[in-house]
Amino acid sequence: MDDWQYAQANAAEELAQLHHFMMIKQQDGRNIPFAITVKEFAVSPKGQHLRFFAEADKPVNQKTAPFVPSGWGDSTLKALADCMRLIRQFPFED
């Protein structure tokens, strides 16, 4: 356990360290940047068993059923990879 995690006095505070990433989705001859933030929680949030949550900065699939790509995992890599998979899988339709 990293020392920053000991700063949390109560699990309800949901203390998390943020990890920032960026990817470029190439679609229809365009480069679309996505910023992805992975939250590494000191303790898994209530109702979750995983400590890492990744979320993109913009939605995809806007014309059909828009949603913001995200992913949970037991490591930064797994949460990030899950989020990136959804960005690749669905079109960006601005």
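Four aromatic pairs are the theme of this tour, since the structure holds 4 aromatic pairs, where rings of Phe, Tyr and Trp (its six-membered ring) pair if their centres lie within 6.5 Å. This is a predicted model, in which local features need pLDDT of at least 70 and side-chain atom pairs count only at pLDDT 80 or more, while totals for chains, interfaces and linings use all residues. Residues are numbered from 1 along each chain as its sequence is written, and side-chain values use heavy atoms, with hydrogens and water left out.

Select Phe41 and Trp72, a stacked pair with 6.3 Å centre to centre and 20° between the planes (stacked means planes under 30 degrees apart, edge-to-face over 60, tilted the rest). This pair links distant parts of the chain, with Phe41 in strand E2 (residues 30-41) and Trp72 in strand E4 (residues 70-73), 31 residues apart; strands (E, at least two residues) and helices (H or I, at least four) are DSSP runs numbered from the N terminus. Phe41 is buried at a relative accessible area of 7%, whereas Trp72 is partly exposed at 28% (buried is under 20%, exposed over 50%, partly exposed in between, with a 1.4 Å probe and protein chains only).

Next, select Phe67 and Phe90, whose ring centres are 5.0 Å apart with planes at 90°, so the pair is edge-to-face. Phe67 lies in the loop between strand E3 (52-56) and E4, and Phe90 in the segment after helix H1 (76-89), 23 residues apart. Phe67 is partly exposed at 25% relative accessibility, and Phe90 is partly exposed at 24%.
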